[in-house]
Amino acid sequence: MTGQVELPRPRPLSEMDTIHDFLDDVRLRPSMYVHGRSVLHLQSILYGYSVACEIHGVPAQTDFDHLGPFSEWLWPRLNMPYSSSLGWAVEIERAAEAAGIPSLTMFFDLWDEFRAERDDAARDAVESQLMVDGLASGDA
């Protein structure tokens with residue numbers, strides 16, 4: 001049929017390269033991975049991933065560590081003046097309940113914002129470095 005939008009397809013775990021790939025699949029099929037669609041359960045999965053990586057000597061994505069980049073970015077976004085000892089999952093669950101939206105929906109909205117800001121910052125850093133490199137070599 002023409003005019004239909006093709007939705008992303010779930011992938012087997014063997015085709016996923018990063019934790020981001022996994023989270024993209026969780027977004028497509030949350031009930032398959034996350035009991036009760038709970039952000040607390042998702043946090044447990046991400047912690048287990050981090051532990052498994054450390055045990056096997058594989059570099060892990062640490063965005064979701066208790067004091068990792070995501071949680072540090074999150075506190076001001078949730079109007080919190082300092083980090084929560086309860087962790088990012090509890091605070092997202094609380095904020096989602098107060099807003100009357102599913103916590104997993106709020107998590108993915110926040111995760112998308114975090115990734116977009118981080119990608120923009122990385123792109124700006126690369127552009128700045130290219131400019132510095134160009135000036136240093138006399139190309140400007």
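**View A. Asp63 and Arg118 meet through their side chains.** In this predicted model, the side chains of Asp63 and Arg118 are joined by a polar contact of 2.5 Å. Asp63 sits in the loop between helix 3 (39–55) and helix 4 (69–77). Who else is in contact with Asp63, once neighbours within four places in sequence are left aside? Besides Arg118, the list has His20, Gly68, Pro69, Phe70, Ser71, Trp111 and Phe114.

View B. The structure holds 14 aromatic pairs. One of them is Phe64 with Phe70, a tilted pair at 5.6 Å centre to centre, with 55 degrees between the planes. Buried or exposed, these two? Both Phe64 and Phe70 are buried. Ring pairs carry on from there, linking Phe64 and Phe70 with Trp73, Trp88, Phe107, Phe108, Trp111 and Phe114 into a cluster. Some of these names come back from View A: Phe70, Trp111 and Phe114 are also among the contacts of Asp63.

**View C. Helix 1 is mostly covered.** Helix 1 spans residues 19–28, and seven of its 10 residues are buried. Those seven are Ile19, His20, Asp21, Phe22, Leu23, Asp25 and Val26. At the start of the helix, Thr18 has a side-chain oxygen that reaches to within 3.2 Å of the backbone nitrogen of His20. His20 ties this view to View A as well, being in contact with Asp63.

**View D. Tyr47, Val51 and Ile55 make a nonpolar surface patch.** The patch comes to about 340 Å². Ile55 lies in helix 3. With 65% relative accessibility, Ile55 counts as exposed, because the cut-off for that is over 50%. As for spacing, an α-helix has 3.6 residues a turn, so residues three or four places apart point the same way.

View E. Which loops hold them? Arg37, with a phi of about 55 degrees, lies in the loop between helix 2 (30–33) and helix 3. Asn79, with a phi of about 60 degrees, lies in the loop between helix 4 and helix 5 (88–99). Arg37 is at 45% relative accessibility and therefore counts as partly exposed, whereas Asn79, at 71%, counts as exposed.

Conventions
Residues numbered from 1 in each chain as written. Predicted model: local features only at pLDDT ≥ 70, side-chain atom pairs only at ≥ 80, totals over all residues. Heavy atoms only, no water. Phe/Tyr/Trp six-rings, centres within 6.5 Å; stacked < 30°, edge-to-face > 60°. Buried < 20%, exposed > 50% of the residue type's maximum accessible area, 1.4 Å probe, protein only. Helix = DSSP H or I, 4+ residues; strand = E, 2+ residues; numbered from the N terminus. Polar contact = N/O pair within 3.5 Å; in protein donor to acceptor, adjacent residues only side chain to side chain. Contact = heavy atoms within 4.5 Å. Patch = residues over 30% accessible without salt bridge, like charges linked within 9 Å, V, L, I, M, F, W, Y side chains within 5 Å. Areas by Shrake-Rupley, 256 points an atom, 1.4 Å probe, with all protein chains shown as cover. Salt bridge = Lys/Arg side-chain N within 4 Å of Asp/Glu carboxyl O.
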